[in-house]
Amino acid sequence: QSIDTLDLVVLVVLLLASVAYFTKGTYWAVPKDPYAASTLNGSALKKGTRNILEKMDESGKNCVVFYGSQTGTAEDYASRLAKEGSSRFGLKTMTADLEEFDYENLDQFPDDKIAFFVMATYGEGEPTDNAVEFWEFINSDPPSFSESSDEKPLANLKYVAFGLGNNTYEHYNSMVRNLDKILSNLGAKRIGTPGEGDDGAGTMEEDFLAWKEPMWTALQEDMGLEEREASYEPSFSVEEKEEMSKDDPNVYLGEPNKNHLEGSQKGPFNASNPYIAPIAESKELFTVKDRNCVHIEVDVSGSNINYTTGDHIAIWPTNAGLEVDRFIKTFGLDEKRHNVISVKGLDPTAKVPFPTPTTYDAAVRYHMEICAPVSRQFMDTLAEFAPSEDAKKEMKKMGTDPDYFKEKIVNQYYNIAQAVTSVHPGPWSAVPFSCLIEGLNKIQVRYYSISSSSLVQPKKISITAVVESIRVPGAGHVVKGVTTNYLLALKQKQNGDEDPSPHGLTYEITGPRNKYDGIHVPVHVRHSNFKLPSDPSKPVIMVGPGSGVAPFRGFIQERAEQARRGDNVGETVLFYGCRKKSEDWLYKEEWESYKSALGDKLTIFNAFSREDAKQKHYVQHDVEANGKLVNDLLLKKANFYVCGDAAHMAREVNDVIAQVIEKERSVPKEKAEQIVKSMRSSGVYQEDVW
Ligand code: FAD
């Protein structure tokens, strides 16, 4: 009997589907490392194994530092641990993205090796995107390890754990806490105590430094490691390519990956691959001179990017020219800034954090976080390259004395170039460029809560961003947020404003090889769970002062549109707050048009904190004063949303809601707090805070 075409098609589809299933997507998955295709040493080009033990054997490693990282911070801490383990204790280290390996054979992890877990906790106690699969596996009951079915299958595994969290969230550092419990229940042996870094208290770096010393001592004892005088050992080689010029077509001048270098923009657009989007429109929202809030409309119609109301858009920033120049000059790179360099990992597991060949200028401008707060450990590392003996001593002192470092550097809000020049004017030409690549973070995208509705404008994404500008008391300089000042410059340029380089910062607005000309910005969209109820007739309560109103502009725009289309839209209550009516009232006129569509379904309470010199009035006060309304709506199954400042406002709103429930329902305090907790866990109470 012959097979007809349809059968054949079905067979081929089935075959492909099985290959897809059994290879877990290895063959068609988009490479996660944005630069995988462009690293010259080729290590990233080889399709890696998903077997961590094989990988460690193959590359002669006895220490793996796994990381669960969302924004790149945990990944950076992982790299630092790997580097220190190697230079101080002679461990053969590698870092590993949790997503890139399978864990069935963790029960065969040899006891003369060590696994570190550096785990960020994301949102409401969730794993980071790259840790989801590992988390599901290790939480399964019991995890299906390949060999051992013992009660204690991980008896051979020794591990070290450090968590990155934020104490303003309820599930503070829950990833590392839970992982530690799970691993020890499975029989694994922890070395040292699990570390917990707190971003909420702003002590992440010091928490990390304080945790790691006793951990290293414990590890040294356990593994019989000998400490040696740690001097800097590069992980990358940086070779100047005299035969190449920056105008060669294969030299990266800031292009994020190969597609962009070759001049094509191909989706999917994601954390490894931005879309260079035109800015359709931009404007200033504040009416005061000394503060800015920009509204930007990003046009994604030329891409396959989709979003739904409540999602986040990531902006890929560019460093300000002023800071790039300062950095280049400080480290003695001025004369060779446009020389072409090729950067390679000296070890097959070392990933170069940007595509090469490139130039010093492009690497600094587009890929390195040169303006961020300085790491104390990095000051210590740089000491050996100081331009004088006195400077070396001073750097050592800063590296080892936290109080001194705080006084001299942290309290001054210095970035790395400012910090080292405060010790010695330089140039610090002896610092190897590889050391700067390793010691500074890869520049991070910044997220913004989309402030438009996808129902109203599916291909145009609005951003509402307050421009960060902090005058440091006593230090005589102003700290400028990297991304928001870049957005401000784009807005100035687009509108032909007098000062296209705000505050003298200057930006390479037209991007590498003028590819961003005509006002473009690199972006991608990240989907979030911060969503309106699918049934529009459900009431919603939103609390969003300042730029926290961003997603609620989108929510209200959406509900107004639903009302216009004849849907039955439920009560829509917004608690908004800003300083003064005449200064920073966001979208003041626009709310009127939503009111005309939603009628008495829309209620907005405005809290102006600086209208009355005697008494500051905040959103929390309005929520409390309108406790009856809030409680009535909650009883009518309203969703409750909070967006904006995590450290103070969101926390206080949480407490106020508990007080409202306590009062209005006449229940004891503990019961009211319990109700708020269960609202959170059932998704009725949602936060989008930063
Ligand atoms: P950065 O350069 O990142 O600086 C930020 C802050 O770090 C500075 O203000 C300063 O306090 C500190 N800092 C910087 N350098 C130093 C230094 N050398 N020493 C000491 N301290 C320093 N923001 C909005 O305006 N609107 C939104 O809708 C919005 N939505 C968000 C949604 C999410 C999910 C998240 C996570 C954040 C959101 N943000 C939003 C915040 C936004 O992502 C950025 O963090 C913010 O705009 C600042 O970015 P920046 O690059 O301008 O500042």
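Predicted model: local features only at pLDDT ≥ 70, side-chain atom pairs only at ≥ 80, totals over all residues.
## Helix α8 and its neighbours

Helix α8 spans residues 321-330. Its buried residues are Gly321, Glu323, Val324, Phe327, Ile328 and Thr330. They pack against three helices: α9 (360-367), α13 (416-423) and α14 (433-439).

## The α16–α17 contact

Helix α16 covers residues 550-564, and helix α17 covers residues 590-598. The two pack at an angle of about 35 degrees. Their axes lie 8 Å apart. The crossing is left-handed.

On the α16 side, the contact residues are Arg553, Ile556, Gln557, Arg559, Ala560, Ala563 and Arg564. They meet Glu590, Trp591, Ser593, Tyr594, Ala597 and Leu598 of α17. By class, the residues of this contact divide into 7 nonpolar, 2 polar and 4 charged.

Val569 sits in the loop between α16 and β20. Its relative accessible area is 5%, so Val569 counts as buried, the cut-off being under 20%.

Leaving aside neighbours within four places in sequence, Val569 is in contact with Pro536, Ser537, Arg559, Gln562, Ala563, Leu598 and Lys601. Among these, Arg559 and Ala563 of α16 and Leu598 of α17 also belong to the contact between the two helices. The C-alpha atoms of Val569 and Leu602 are separated by 9.7 Å. These two residues are 33 apart along the chain.

Ile509 is placed in the loop between α15 (482-494) and β18 (520-526). Its relative accessible area is 9%, so Ile509 is buried.

Beyond its neighbours within four places in sequence, Ile509 is in contact with Ala489, Leu490, Lys493 and Tyr516. The C-alpha atoms of Ile509 and Lys493 are separated by 8.4 Å. Ile509 and Lys493 are 16 residues apart along the chain.

## Aromatic pairs

A search of the whole structure finds 28 aromatic pairs. One of them joins Phe162 and Phe208 in an edge-to-face arrangement. The centres are 5.3 Å apart, with 75 degrees between the planes. The pair links distant parts of the chain, 46 residues apart. Phe162 is in strand β5 (residues 158-165), and Phe208 is in helix α6 (residues 204-223). Phe162 is buried, at a relative accessible area of 0%. Phe208 also counts as buried, at 0%.

Phe575 and Phe605 form a stacked pair. Here the centre-to-centre distance is 4.9 Å, and the planes stand 15 degrees apart. Phe575 lies in strand β20 (residues 572-578) and Phe605 in strand β21 (residues 602-608), so the pair ties together parts that are 30 residues apart in sequence. Both Phe575 and Phe605 are buried.

## A cluster and a charge over a ring

Four aromatic residues form one cluster: Phe66, Tyr103, Phe117 and Phe134.

Arg680 places its charged end over the ring of Tyr685. The distance to the ring centre is 4.3 Å.

Methods. Residues numbered from 1 in each chain as written. Heavy atoms only, no water. Buried < 20%, exposed > 50% of the residue type's maximum accessible area, 1.4 Å probe, protein only. Helix = DSSP H or I, 4+ residues; strand = E, 2+ residues; numbered from the N terminus. Contact = heavy atoms within 4.5 Å. Axes fitted to C-alpha atoms, helices over the stretch in contact; angles between N-to-C directions. Left-handed = near helix turned anticlockwise from the far one by under 90°. Nonpolar A, V, L, I, M, F, W, Y, C, P; charged D, E, K, R; others polar. Phe/Tyr/Trp six-rings, centres within 6.5 Å; stacked < 30°, edge-to-face > 60°. Lys NZ or Arg CZ within 6 Å of the ring centre and 35° of its normal.
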